[in-house]
Amino acid sequence: MEHKRITVFLAIIWGVVAILPLFFGSTNFIMHILIMCLIWSVVASCWDLIMGFAGIFSFGQVAFFVIGSYSSAIISARLGVPPVFSVFIAGIFTAGLGVLVGLPCLKLKGAYIALVTFAVHMILEPVLKGDIGRALGTGGARGILTIAPMNIFGYTFTSSDPIPYFYLLFLVAVVCSVIILMVIKSHWGTAFLALKDAEEFASCLGVSAFKYKLMVFALTSFLTGMIGGFYAHYVGMLSTRMLGIDLFVTLMIILVIGGVGKFPGAVIGAFITIAVNEMLSPLGSYRPIILGGLVVVLVLALPDGITGLFEKMFSEKKQGLSH
Amino acid sequence: MLKLTNVTKKFGELTAVNSLSFTVSKGQVFGIAGPNGAGKSTLYNLISGLYPFEGAISFNGKEIAGLSPHQIAKLGISRTFQIPQIFPSLSVEKSIGVGNHFGSREGFEQDYVDKVLEFVNLHDKRHAMVGQLNLLDKKMIMIGAALATKPEVLMLDEPMAGSNAKEIIQLMELIQRINRDLGVTIIIIEHFMKVLTELTEKLLIIETGTEICCGDPVEVTGDPRVIECYLGDGT
Amino acid sequence: MFIEIIDVIISGLINGSVYALMAVGLTLIYGVSKAFNFAYGSFYSMGGYIAFLLFGISFFNNYLIVFCLAAPVLLIFGFFIEKLLVAPLRKRDDWEVKVMMITLGLALFLDNSYQVVFGARMKSLPSILEGSFEMGEFILSYQDVVIFIFSLGGILIFRWFLNNTRTGMSVRAVAQNPAGAQIVGIPKEFVFAATFAISTVMVGMGGILLAQKYFITPAGGWDILVKAWVITAFGGMGSIKGGLYAAFIVGMLEAFVGWYFGMTWTLIALFAVLLTTLAVRPQGLMGKWG
Amino acid sequence: SDTIKVGVPLSMTGPYTDTGDNYWKGIKMAIDEINEGGGLLGKKIEPVRFDAQEFAPERVMQGADYLCGKLKVDSVHAGWAGWGQDVRAYGKYTAPFFADDGSQTAVDVYKQDKKQYNNIFQLTDTGINQGQSMFNVLMALPYEYPNKKAVIITADDAWGTEVGDTLKKNFKEKGWKVAMHELVPYGTNQWGPLLTKIRKIKPAIIHVEIVSAQEVITFFRQFMKKPTNSILSYGYSLVPREVVDTMGKEADGLIGEVPTAMPTPEAPTPEAQAWLDKFKGIWTHLPQAGSWAAYSGVKAWVTAVEAVGDEKKHEEVCNYIATKGYKGETGWWKWDEDHVMRAGGDVPIAHYQVQNGEMIAIFTDPPAKPYKNYKFQVPRWIKK
Amino acid sequence: MIKIHDLNAYYDDFHVLKNVSLEVGKGEVAVMLGPNGHGKSTVLKSICGLVEKVTGNITWSGEEIIGLGAEKLVNKGITYIAENRELFPEMTVMENLKLGAYSQSARPHEKENLEKVFSLFPRLADRRKQLASTMSGGEARMLAIARGLMSNADFLAIDEPSLGLQPNLRDEVARIIKEINTQGMTVLVVEQNIPQITELADKLYVLEEGKISFEGSREEALGDDHLKEIFLGM
Ligand SMILES: Nc1ncnc2c1ncn2[C@@H]1O[C@H](COP(=O)(O)OP(=O)(O)OP(=O)(O)O)[C@@H](O)[C@H]1O
Ligand SMILES: Nc1ncnc2c1ncn2[C@@H]1O[C@H](COP(=O)(O)OP(=O)(O)OP(=O)(O)O)[C@@H](O)[C@H]1O
Ligand SMILES: CC(C)C[C@H](N)C(=O)O
Ligand SMILES: [Mg+2]
Ligand SMILES: [Mg+2]
């Protein structure tokens, strides 16, 4: 999609989301879902940036999210840093880890990268639960049950009054998506695509695979870790259960529905997926069956997700090539 | 400006490049030829930093062994590949822009990209996606992207392969213009006699990684050893 | 001490054979189609559930019959899944991600269908061979011996087949260059589907073999997938020999780390070894076909 | 409307599935009973189920928001519901919430804001007290231990660590040696390395606390290949129905406990016996992990609602439960100031042994005393 | 013999070949010329069943073969030697050659064909254990041609065999084509850089913008100044 169109598209999405509380503001249940949509939209967009766009099969997204949320909770509790700042520190910390994880991935390809990054995900649970985690203040298997709520200039955002928190996160999500958009638009975006298509040639043209791959790890893990912090201070409690397969699958579905490498598809994907998931929840075990079936059908029928569909609808007929 | 001293590359038991030494001077069109498997492309890979090697390569007096490909590109050495490498997800203009943005020491200049597009005759296809183009266009994009790094030396690996007589003449003109108008030193690997004799100023023939002879192209192509191992009598 | 170590080695060997069985099918499809199959674990459970159903019918109450009936069912299932879900994707340029996603969807679908059909409770199968073999301090149950022989034998035969028969060579050819395979007259679409089907049979059979030792649960395949994945990458994606070595290394590693440091350290140790290996050899232990 | 909705968030998938199933059987039985008897205040009770999976905080919160926030149910019967996250999630709302957490952490959260969490009720005592009780009974068994070495293996979840730590402390105080204390992740089914160590230690007691059938069964089977002379205590992990259902007589000799329990196969009082017979009639097996506790939670709430006269007056209902308690089949239920049903009195912890493929109560505690004329049997794998 | 009538070929919705008709008689050598990217390879691939979207008629000895997949056609004696070689990178030279004789019809002749290609390309005999991926551009080209010859075909579609070959081997290729032709093989070759091949051609075709723009003998072509300059390099 052309950049101008992406920008317009993004503006429309955020415009619509901004007024949602007008309709649902009175129902905490729905507001809670909307807040989660905002959070997942950022996580999924970051994933899309690194996987769909930069072509690095990173499966560590959930892990980075959890790392960010734990570190913000611990930093604010242990060091007494106010949550407004601890989320940023958590983001920076996560970015540091992201770079560390990125390093071994530089030499690896496809499914190997997926595995190495997923390994971080797998190891995280025993580490957080075990002696190391307990020493750091993760609360071991119990998790952390009392995390200070977000507080800005003396105003406390609590989860029982979700509208202010919604707008706070709305702001954060908008900023994140603008950053991602800028990255895609800038020469970074071109560098990723070039490296993905022909790494040798790209490097002979002066593109540093090393630099750009690490930068994308750093940026996506920074944003993911930071939003993890916002999540922690919103929900107020954390445990390692988040590392179960469920969240991972949900994020993947968000990407399928939104379209891989089709930013801002991930944002739309997040809202649709979470909404559908909620609507299906009375169906119990049939919910994941339907969801799974939906993924299968969508991948086949809508290869580029909803965004691909829009693109097809709006773009003029492909030009034929002249000789 | 580009000086190789005793450069050697082994792949296991096979010595692909065997103690080669030569110098390419500024402004030259320098030809490299030799039988299949002689080590020509490998030589390019060594110069552009894709493989480690033994020996020394210096560029404008600076030793480049151990530098990574993107650093070498920034120094002003640019290349194309024998089997076209392209960026299917980018448009023609963007592809060429990659070279300008990342390889040029002066940073991105739209004017320069336009100039290159003009130069390789792709200005009317600038928005086309690269994947849909034909072999010749793909090669032109490679050359264009390499040119966009504002190189001092451009290394071409069999640019003419697969082209017909007329296209070969066009390509030769292009290379001459790059050399003359842009002042870029050219190193070219080719298998076409016509190209070797008419285009190059100095010609190096290698076989199994070893130099056979090096010098004036007409003399070199008349050398019986070269005819024996490489040219055959037909041509 | 000595006896203890022998004991640990035995359990390492048994684990290794189980892991080898799990990993080899994944290696096969990854090697051939470069497609990462997230539903692999669900196919494992499917084997178990099919056997469970068959054992429910008293007439089929015998492992030989169960194997003979389950294999073709799994074969056909795998074949059609490939044809219907994976083959259409292969034409797209970002098909690798798409295959991961569609198989993830399939896994979700299958696992939860098991839950609806069979319930969330675990199911068990009768032991294939009762009793155990005792020698002084050591004991080895016949069940483990059977698993060991089956998995090792199966893998070795399979490897021989890939490397030494023309059909095996054609499978490798498709893996390396589908277009080239087509040019020399290999029916590549069929080979893709057939390898997918064979890998489904292998993991499904693994499911039956292991279900009599462990249990069948709806989401039980995930552990298998992750283990198989680690082993496959460790050994070199696509290398059967590498997978075999990796399986036994991992089996031993887990046994020793679990024994010496405790069970919670096995996973951490496993990934530490994996990362170190990949840092030195990005292509895994073997890293190519054969 | 003419129905009263109650929320039932239980684990319906994952390792805790079977405990969820056990709770559901008790809850369903209670609701059916009320509905058959004309309903509550003339209205039918309608249970709404929610899969709490493995009690991830956001999952628990989602359940609370869905059941209390969206459906506005009038009470929640959760069984095992998490370790504190449930208190916070449901404490945001007012509907009476009954949990079987058995966790000190949950109580700690409660204590932070008793007013806010006034609607939270724990149906069982904490893991610390249960661990203590297990220890008391282990020491009271009519069996002479060959040595004073113990091995503790627990799941690496909050419940497992709480019980494990309590037992360890007790063993040490009594001069025992805890030769091995292992935390294992769920999904462990290769026990070879641990068993190698155990066989070397030859402990007198092995306590395994992993509330998921697959792990404890594979442990038992692999242990039995070459057993040591050890009493195998499974604590709460013995009681999910799946264990006995799968192993039958094979499990003979294992011991375990259930807090807030109906001792089986013979109940302590005639009312209780009637209840037991009814349960067996419906579900064709003896009640297990928490069925009775969950049943009683529903009944306690129903009694309070009837007394208050309006199911919507949540606060009054809660206060009624907290102050008046509830009279059940075995006697009085009273919640302490932390809204926890402490073990003892009419509702003790029952300790069982599997005999002839069924769970037989052999002790109750506190105080630790043998139950009726049922006797502990020395397990078959212990050689003299 | 191969007879093509009104062949149209597409890549997705990109229309490459437009009503192409041509004919190569049994035992003939036909050469196709034309500018870069105008569809020469596509003609060869269409014949050999390697293009998915094709319409029209292609008959081989009278039998309609359009739409049959490559694997069936190889068994019928139709083989393609690809412009971009399409070797099996992680297999040895020997394994690549053996796979060249994969089809039923080629298997019995594997041994003799192997000897034949080794005598044609001694370099391959020296390197029989080398992995194809590590061969140089020209070596890989030899291997691709040799693998095509292993299939014991009756009809060979050869796509730019000289691409990347050293000059004396280019002459060699012309000789090889001549030799297999005298043994009765029908050949359609796209090649613009080996004059000798044009000389031995029974027929020349020029393909421009997906259409046949010239059809005739070499002599006729020489009479056409446009062709002479552009394609024959004279
Ligand atoms: N990675 C590698 N591993 C092993 N051998 C290699 C590798 N790369 C190249 N070779 C061998 O090194 C020799 C030189 O190869 P190179 O590609 O440089 O030849 P070339 O001169 O470019 O030939 P051509 O004209 O055919 O392109 C060849 O024999 C080739 O098989
Ligand atoms: N797989 C493909 N998908 C899409 N377009 C293709 C594909 N293969 C070829 N094309 C396009 O079809 C046209 C004809 O290609 P073809 O390879 O047949 O040309 P050619 O005459 O053989 O040219 P060359 O001299 O480059 O070999 C070209 O414009 C090319 O870009
Ligand atoms: C964690 C659970 C096993 C606790 C159980 N409900 C009990 O109190 O015993
Ligand atoms: Mg070369
Ligand atoms: Mg072509």
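A residue is counted as near a molecule if one of its heavy atoms lies within 4 Å of it, and the close-up views below apply this to a predicted model.

**View 1. Residues around ligand 3 in the predicted model.** The residues around ligand 3 are D:Y23, D:W80, D:D100, D:D101, D:G102, D:T124, D:Q130, D:W159, D:V211, D:Y236 and D:P259. Grouped by class, this shell around ligand 3 is made up of 6 nonpolar, 3 polar and 2 charged residues.

**View 2. Polar contacts of ligand 3 with chain D.** The side chain of D:Y23 places an N or O atom 3.0 Å from a nitrogen atom of ligand 3, while a backbone N or O atom of D:D100 lies 2.6 Å from a nitrogen atom of the ligand. An oxygen atom of ligand 3, in turn, is 3.1 Å from a polar side-chain atom of D:T124. Of the 280 Å² of accessible area that ligand 3 has on its own, the protein covers 100%.

**View 3. The magnesium ion (ligand 4) and its coordinating residues in chain B.** The magnesium ion is coordinated by the OG atom of B:S41 and the OE1 atom of B:Q82, at 1.9 to 2.1 Å. These two residues link distant parts of the chain, being 41 residues apart, with B:S41 in helix 1 (residues 40-47) and B:Q82 in the loop between strand 6 (77-79) and helix 3 (92-103).

Terms used
Residues are numbered from 1 along each chain as its sequence is written. Chains are lettered from A and ligands numbered from 1 in the order in which they are written. This is a predicted model: local features need pLDDT of at least 70, side-chain atom pairs count only at pLDDT 80 or more; totals for chains, interfaces and linings use all residues. Side-chain values use heavy atoms; hydrogens and water are left out. Donors are N, O and S atoms within 2.8 Å of the metal (3.2 Å for Na, K and Ca); water is not among the atoms, so sites may look incomplete. Helices (H or I, at least four residues) and strands (E, at least two) are DSSP runs, numbered from the N terminus. A polar contact is a pair of N or O atoms within 3.5 Å; within protein, one must be able to donate a hydrogen and the other to accept it, and residues adjacent in sequence count only if both atoms are side-chain atoms. Accessible areas come from the Shrake-Rupley method with a 1.4 Å probe; for residues, only the protein chains shown count as cover. Ala, Val, Leu, Ile, Met, Phe, Trp, Tyr, Cys and Pro count as nonpolar, Asp, Glu, Lys and Arg as charged, and the others, Gly among them, as polar.
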